[in-house]
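Please keep the sequence and the structure in view while reading.

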Amino acid sequence: MSGDSERAVAPGVVPAPCASKVELRLSCRHLLDRDPLTKSDPSVVLLQQTQGQWLQVDRTEVVKSSLHPAFSKVFTVDYYFEEVQKLRFEVYDTHGPSGLTCQDDDFLGGMECTLGQIVAQKKMTRPLLLRFGRNAGKSTITVIAEDISGNNGYVELSFQARKLDDKDLFSKSDPFLELYRVNDDGSEQLVYRTEVVKNNLNPVWEPFKVSLNSLCSCEETRPLKCLVWDYDSRGKHDFIGDFTTTFAEMQKAFEEEQQNRGLQASDRAQWDCVNAKYKQKKRNYKNSGVVILADLKLHRVHSFLDYIMGGCQIHCTVAIDFTASNGDPRNSCSLHHINPYQPNEYLRALVAVGEVCQDYDSDKRFSALGFGARIPPKYEVSHDFAINFNPEDDECEGIQGVVEAYQNCLPKVQLYGPTNVAPIISKVARMAAAEESTGEASQYYILLILTDGVVTDMSDTREAIVRASHLPMSVIIVGVGNADFTDMQILDGDDGVLRSPRGEPALRDIVQFVPFRELKNASPAALAKCVLAEVPKQVVEYYSHKELPPRSLGAQTGEAGASSAP
C-alpha cells in the first residue's frame with residue numbers, strides 16, 4: 001500500500017509546554033450607577049504591566065443598562081509560571097462607542113492582581129476600588145480562568161469490518177481503511193491509513209495510536225471521515241464505502257458497547273459503510289458492510305496548568321547558608337551584610353523566587369530554614385534549624401515574613417560550617433513522602449537552597465536527591481558570591497543522569513542550579529524566570545509517572561477505556 005510516509009506516528013508521552021494560553025471570562029455585581037436616567041453601560045478594560053508601565057491589552061463589549069453585567073468578550077493571555085504577570089481590570093460606564101479610549105467614560109472601579117493568583121484560584125472575586133483605594137460601594141468583579149492550550153494526549157483505536165463488498169472477480173477484496181479529519185475550511189486531512197488485509201471481507205486491522213491534536217485538533221466534536229478501499233497494486237484502489245462520525249460519538253458508542261456486553265454483534269459500536277453511488281442506484285441498498293470500533297483507549301497528557309487549576313498547591317521551603325565563608329555580617333564585604341539601601345544577593349534571590357511561588361500556596365506561608373551555623377542556646381552546629389527559632393513551626397507569613405526572620409536571625413547565630421545540605425533535602429523529602437501517600441495531585445514541594453559554596457557532603461546530597469526524585473518535589477540551588485561552583489553542576493542532571501554513590505540513577509531530573517553572579521545585573525523577574533523555568537515540566541513529569549490526574553479530574557472515571565498517560 002502506498003502512502004506509508006503519511007501514516008500517523010504515536011506521539012511520545014512528553015509534558016505539555018510550560019507556556020499556556022488562558023481564557024479570562026468576566027462578570028460584575030452591584031456596579032455604581034453613574035447615569036441619572038438609566039443604569040450604567042459598563043465595559044471592562046484589561047491592562048498588563050510591562051517594564052513598570054501599564055499597557056492596555058483589550059476591552060470587552062459594552063453591556064447596556066446593567067449593574068450586574070456578564071461579558072461575552074473573552075480575554076486570551078499567555079501564561080508563564082516563572083513570571084509575576086501583573087494585571088489590572090478597570091470598569092467604565094461607557095458613553096461612546098466601545099473602543100480603546102476611555103477619556104469620556106466614567107470610572108466605576110478597578111482591581112489589580114496577578115495571573116498566577118487567578119489560575120491558582122480558578123475563579124476569583126474581588127471588590128472594585130476607586131481612586132486612592134476607596135471601595136466602589138459593594139461593587140465586585142469576578143474573573144474565571146480556563147486553560148485552552150488543549151488537554152492533549154493520544155488515543156489508541158482498533159477497527160474491524162464485517163461483510164464488506166467483494167470488488168475482486170477471482171478472490172475477495174483486500175481492504176484498508178483511511179481516517180480523515182475535516183478542517184474548518186472543509187478540506188480533509190489524512191490522519192491514519194491502516195495496513196491492507198489480503199483476501200478478507202471481514203478484516204481486523206491492527207490497533208494504532210494517534211494524538212488528539214492530529215485526530216481532531218483537540219476538538220472532540222470535529223467531523224471525522226472514514227473511507228474503506230479495496231487495495232490495487234497499481235494505485236487504482238476501488239472505493240467500498242465511507243461514513244462520518246466524531247471522536248465524541250466514538251467515545252459514547254464504545255462506552256455504551258462496553259456497558260452492554262453480550263448483545264448481538266449488530267448492536268456494537270459500528271457504522272454503516274455506505275457507497276453513495278450504490279445507494280442512489282439500488283432501491284433496497286443498505287450498506288457495503290459495517291465498520292466496527294473494536295477498542296478505544298484514551299490517554300490524557302495533562303499540562304502544568306491543569307494541575308494548578310485542579311487544586312494542586314506549591315509549597316516553598318527556603319534554606320539559607322549560614323557558614324563562615326559568607327563573611328562576618330557586620331562587614332560590608334559579607335554576603336550576609338544588611339544594607340537598608342541595597343539588598344544582598346541572598347535577599348534578592350529569595351524575594352524574586354518567593355514572589356512567584358506565593359501565588360500558588362493558599363496560606364502564603366513559607367518554611368524557612370538555615371544550615372551551617374552555631375545556634376542558641378547551646379551554640380551547637382545545626383544543618384536544619386528554623387530561622388524563626390521555632391522548631392515546632394518553621395513557617396513564616398509570606399515572603400516578607402521570611403525576610404524579617406532572616407534579618408532577625410543573623411545577629412543571633414554564629415556563622416560556622418561545613419556546608420551540608422543533605423539534612424535539609426531529607427527533611428523536605430519526608431514532607432513530600434507524606435504527601436505522596438495521599439495518592440492525589442494536591443501538593444508539590446519546592447526547596448530553594450541559597451549557598452555561597454560547593455557542598456561538603458556531596459555523597460550524602462547525591463543520595464538524598466536520588467531518593468527525592470521519586471517524590472513530589474524539586475530542588476533549586478542558587479549559588480551566591482564568586483566561588484567556583486563547577487562541582488555543583490554535577491547535581492544538575494542536564495548533562496546526564498545523576499546517580500547516588502551506590503550507582504542508583506535519579507528517576508527524573510529535579511535539580512536546577514543557577515549561579516547568581518550570571519544574573520547579578522538582571523531584574524528580579526529575569527532571575528525568577530531563569531530559576532523557576534524547569535518547575536512546570538518537573539511537576540508534570542512526576543504526576544504523569546505516578547499516573548495521577550489533576551484533582552478536579554480524579555473522580556471522572558466514566559470515560560470509556562480512559563487511562564492516564566504513562
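A search of the whole structure finds 16 aromatic pairs. Rings of Phe, Tyr and Trp (its six-membered ring) pair if their centres lie within 6.5 Å; planes under 30 degrees apart count as stacked, over 60 as edge-to-face and the rest as tilted. The centres of the rings of Phe322 and Phe385 are 5.7 Å apart and their planes stand at 45°, so this pair is tilted. The two residues are 63 residues apart, and their pair links distant parts of the chain. Phe322 belongs to the loop between strand S17 (313–321) and helix H6 (345–357), whereas Phe385 belongs to strand S21 (residues 385–386). Helices (H or I, at least four residues) and strands (E, at least two) are DSSP runs, numbered from the N terminus. Ring pairs also join Tyr307, Tyr444, Tyr542 and Tyr543 into a cluster.

The model is predicted: local features need pLDDT of at least 70, side-chain atom pairs count only at pLDDT 80 or more, and totals for chains, interfaces and linings use all residues. Residues are numbered from 1 along each chain as its sequence is written, and side-chain values use heavy atoms, with hydrogens and water left out.

Buried means under 20% relative accessible area, exposed over 50%, and partly exposed in between (1.4 Å probe, protein chains only).

| Residue | Relative accessibility | Class |
|---|---|---|
| Phe322 | 0% | buried |
| Phe385 | 4% | buried |
| Gln251 | 10% | buried |

Gln251 is located in helix H3 (residues 247–259). Its side chain makes a polar contact with the side chain of Glu220, at 2.9 Å. A polar contact is a pair of N or O atoms within 3.5 Å; within protein, one must be able to donate a hydrogen and the other to accept it, and residues adjacent in sequence count only if both atoms are side-chain atoms.

A charge also meets a ring: the charged end of Lys282 sits over the ring of Tyr278, 4.5 Å from its centre. This term requires NZ of Lys or CZ of Arg within 6 Å of the ring centre and within 35 degrees of the ring normal.
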